[in-house]
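Subject: Structure for your review

Dear colleague,

Please find below the structure I promised to pass on. My notes on what was found in it follow directly after.

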Amino acid sequence: MPLTRVFLRRGKPAAYRAALLDSLHRALREAFGYPEDDRFMVLTEHDATDFSYGGYLGIDRSDDLVIIQITVSNTRTVAQKQALYRRIAERLTDSPGLRPEDIFISLVEVLPENWSFGHGLAQYVRD
């Protein structure tokens, strides 16, 4: 169950934002095997003055930069994570048409007991 947060500069049309989320969801399903209905995503737009970035590691980013933070349970191998990063870049390059340089991903891993999907229960905790 991923929780995906997307940050970008304000001004992209609704169709662009929808394509971005759809492509991210598709990449997560393909790389990590999530079911279709396992979709929890939030997209936040920011004014230029509130969205700051640099050229860290010599990557030439543009104002189309998208910062993606994905919270997942810590159950994946390094190879699976690398496959996810590649798949996200492929999908977002295809739709909505981002440059690979403008895709920044942060994967945040948590223990399975740190999730509650509703009803005040920790569904992944086995008694």
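Asp47 has a relative accessibility of 37% and therefore counts as partly exposed; the term covers values between buried (under 20% relative accessible area) and exposed (over 50%), with a 1.4 Å probe and protein chains only. Accessible areas come from the Shrake-Rupley method with a 1.4 Å probe, and for residues only the protein chains shown count as cover. Please note that this is a predicted model, in which local features need pLDDT of at least 70 and side-chain atom pairs count only at pLDDT 80 or more, while totals for chains, interfaces and linings use all residues. Residues are numbered from 1 along each chain as its sequence is written, and side-chain values use heavy atoms, with hydrogens and water left out.

Asp47 is placed in the loop between β2 and β3. Helices (H or I, at least four residues) and strands (E, at least two) are DSSP runs, numbered from the N terminus. The side chain of Asp47 forms a salt bridge with that of Arg10, at 2.8 Å from N to O. Because Asp47 lies in the loop between β2 and β3 and Arg10 in the loop between β1 and α1 (14-32), this pair ties together parts that are 37 residues apart in sequence. A salt bridge here is a side-chain nitrogen of Lys or Arg within 4 Å of a carboxyl oxygen of Asp or Glu. Asp47 and Arg126, in contrast, are 79 residues apart along the chain, and their C-alpha atoms are separated by 44 Å.

Side chains of opposite charge can pair when their charged atoms come close. In the whole structure, 12 salt bridges were found. One of them joins the side chains of Asp63 and Arg9, at 2.9 Å from N to O. This pair links distant parts of the chain, 54 residues apart: Asp63 is in the loop between β2 and β3 (66-73), and Arg9 is in strand β1 (residues 3-9). Asp63 counts as partly exposed because its relative accessibility is 42%, and Arg9 is likewise partly exposed, at 24%. Glu36 and Arg29 form another salt bridge, with their closest N and O atoms 2.8 Å apart. Arg29 has a relative accessibility of 31%, so this residue counts as partly exposed.

Which residues line the largest pocket? The lining consists of Tyr56, Leu57, Ile59, Arg61, Pro100, Glu101, Ile103, Phe104 and Ile105. By class, these are 7 nonpolar, no polar and 2 charged residues; Ala, Val, Leu, Ile, Met, Phe, Trp, Tyr, Cys and Pro count as nonpolar, Asp, Glu, Lys and Arg as charged, and the others, Gly among them, as polar. The space in this largest pocket is about 170 Å³. A pocket is an open set of points on a 1 Å grid over the protein atoms alone, where a 1.4 Å probe fits, with protein on both sides within 12 Å along at least five of seven lines; lining residues have an atom within 4 Å of a point.

Leu57, one of the lining residues, has a positive phi of about 65° although it is not a glycine. Leu57 sits in the loop between β2 and β3 and, at 68% relative accessibility, counts as exposed. His119 also has a positive phi, near 65°, and is a residue other than glycine. His119 lies in the segment after β4 and is exposed, at 78% relative accessibility.

A further backbone feature is the cis peptide bond that joins Ser95 and Pro96, with omega about 25°. Pro96 belongs to the loop between α2 (78-94) and β4. In helix α2 itself one finds Ala89, which is partly exposed, with a relative accessible area of 22%. Ala89 and Leu24 are 65 residues apart in sequence, and their C-alpha atoms are 9.1 Å apart in space.

Finally, Leu3, Phe40 and Val42 form a nonpolar patch on the surface, with about 230 Å² of accessible area together. Such a patch is made of residues with over 30% relative accessible area and no salt bridge, nonpolar side chains (Val, Leu, Ile, Met, Phe, Trp, Tyr) being joined within 5 Å. Val42 is in strand β2 (residues 41-46) and counts as partly exposed, at 40% relative accessibility.

With kind regards

Notes: Patches are made of residues with over 30% relative accessible area and no salt bridge: like charges are joined within 9 Å, nonpolar side chains (Val, Leu, Ile, Met, Phe, Trp, Tyr) within 5 Å. Grid points are joined across faces, edges and corners, and a volume is the space filled by probe spheres set on the points.
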